[in-house]
Amino acid sequence: MRHFVLEIGVEEMPARFLPLLDRELADRFSALLIEAGLAYGRVATASTPRRLVVDITGLSAVQKTEEIVVSGPPARIAFDADGNPTKAGLGFAKSQNVEFDQIYVEKTDKGEYLALKKTVGGRTAGEILAETCMAILPNLTFPKKMQWMGKECTFGRPVRWILAMLDDQIVPFAFAGLTASNQTRGHRVMGPGPFTVPHADEYARILNDQGKVILHAADRKQAIRAEGDRLAAEVGGSVEWLESLLDQVANLVETPRAMLGGFHEKFLELPAEVLLTSMETHQKSFGLRGADGKLLPYFLTAANIESREPALVRKGWERVLRARLEDARFFWESDCAATFDHWLDKLDKVIFIGPLGTMGDKTRRLEKLAAFIASRVAPELGESMARAGRLSKADLVSEMVYEFDDLQGKMGGIYARRQGESQTVAEALYEQYLPAGQDSPLPSSKAGAILSLADKLDNLAGCFGLGMMPTGAADPYALRRNALGVCRIILEMGLQVDIEVLLREAQKGYAGVIWKFGEDEALEKLMDFFGQRLRAYWNGQGIPTLVIEAAMAPGFADIHDTWLRVRALAEFSREDDFEASVLTFKRAANIIRKQADQDLSGAVREDLLEVDAEKSFWATLQGIEPVWADLAATADYAQMLSRLRVLRPAVDGFFDGVMVMCDDLALRTNRLNLLYRLVNTLGRVADFGKFQV
């Protein structure tokens, strides 16, 4: 088995590029090797700011071979009357790079044709790997690309060297004006190199021992975490680890060295959120907390070098952070001297979205909408939610948020507490932007959830009314994220609200706006948009598409109730008798669907029930209907579906013993009404006609 290592050396690559490139390189090399028929054991990737690495083990020495038959032109035109090959026959042999005497005539169902047996494959691993590298590298995906050789080559950052080794042999190919070699480079300062790699097996050792580079991001993270915890313990604290930041820091360094810095205790007067944002966002550093949970006047960072003068490096980090904290302290003091009334006046001069008015207008809409939502889910919060809606965007014009925009909402909550607003209002302001994405945490309070719903629904209603819907990958107003956030809040907090009613109320908040779509048309598009988001969300949780479609068919305006039906139906779909039940009830649904032009009411006349099968069906249905109604009132859809086992034998007997579409109009209508009543009863849970069995 052979071992291949590819290293693309680059100038420092942005940290956010690396995880995506690792996955893309692994996927593309795996796919092309499979396509080429070159067997391998494992494709691994790794990266640092200065290199992208592909490591493939268990490679076959040669491509697998197989014998194929290549068909040529018909024999009648490949030979002349004397049996000699014509231009057509000779041309076929030439196109296959063989002598004509290797060609034979093959009899097929369509007649006689020239044919050739060829053995394909058998190319060496080196040839295939060289072609694979040349196919993949120019087409890698980057958020942004650079040009440094005119337009001849683009890449995430300029390429400075290429190593490509198959065991002890160089795999020859060229890219970005460079030719692959057996040389690597290490850390820019601690082990610059170049270093010759005699064998692919030696690459990782040489890079670590001589180049002073920790190749794998997971190892760099562990090194930062272990040393950081040790340093924090020395000052009686613990590191406020943030996984997303740790991932980023690990991809900013090749040889991480954790370093502890400090700042003046006077800055601890600032809110913890401000201190942590200054450290994390602007300095890529971590805060420390003491045993009491309060922040300590220290921060932890990771340098990319083993410095001979660590005190000097630490002093540089501290100087930069101190400047940021001095700014934050000034903004804090300025904001503490201001009032919400002052900020609300300023909001009337800040545009929300062109035709939709100012941010002041938006807060007046949220004042009403948040109170309306509260009346549906928490009436006791109505007054507080109206106040929270009005104050919701005030912090956007504060000095602190103007400088540290990551703190929007959070500072509003902090300032609300300082200015004597209620705890409910402060919590709502603090959490109003949650969730910020699919994996982002939800508001922890009902007040935060209500204000978040109001804000997102207002955005959606306004943008859809103007026709500013997402298109393809373009979603400049984050409407997909807004809709998903609404769905997650409702689902995970178990809120029983009608999303269509809330959207209609959000539309009413806008006055004097010239819409592209009327309210009804915009609402229809909004509901379709929410339906798409719900389908994608539940698909992502492993729920089959047909189950989702069937459960959503009766309507999905009550998102929480719809989820209960989806979950119950998904569980029922795993039962052994599920397909039999679907066949039975789908047959009933299809019959009623075909009679859409008939005026069916579901009223059944018992005097027209002629045979025992329909009488039994009617009696069983009458017995189940009140039970279903009681179960529906408590949303116990699992128990409702379990009753189908009682109902199905009666329905099967009905279909076996009764001619539904008989000639007698009265009998036919009565039997259709019986099925119509069944379908309506089942329709409280799902449309079984959506299933394909």
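Helix α19 (residues 519-540) has a set of buried residues, where buried means under 20% relative accessible area with a 1.4 Å probe, counting protein chains only: Ala522, Leu523, Leu526, Met527, Phe529, Phe530, Gly531, Arg533, Leu534, Tyr537 and Trp538. An α-helix has 3.6 residues a turn, so residues three or four places apart point the same way. The cover over the buried residues of α19 includes α16 (446-465), α17 (479-492), α18 (499-508), α20 (545-552) and α21 (559-572). Helices here are DSSP runs of H or I with at least four residues, strands are runs of E with at least two, and both are numbered from the N terminus.

This is a predicted model, with local features needing pLDDT of at least 70 and side-chain atom pairs pLDDT 80 or more, while totals for chains, interfaces and linings use all residues. Residues are numbered from 1 along each chain as its sequence is written, and side-chain values use heavy atoms, leaving out hydrogens and water.

As for length, the 22 residues of α19 should span 32 Å at 1.5 Å a residue, and the end C-alpha atoms are 31 Å apart, which agrees; the expected span is 1.5 Å times one less than the number of residues. After α19 comes Gly542, with a positive phi near 90°.

Elsewhere, four strands make an open sheet in the order β15-β17-β18-β16, paired antiparallel; a pair needs at least two DSSP bridges. β15 (238-239) and β16 (257-262) sit at the edges with a single partner strand each, so one side of each has no neighbour in the sheet. Two bridges link β15 to the antiparallel β17 (residues 286-289), and Val239 has Leu288 of β17 as its bridge partner.

Note on methods: Buried < 20%, exposed > 50% of the residue type's maximum accessible area, 1.4 Å probe, protein only. Contact = heavy atoms within 4.5 Å.
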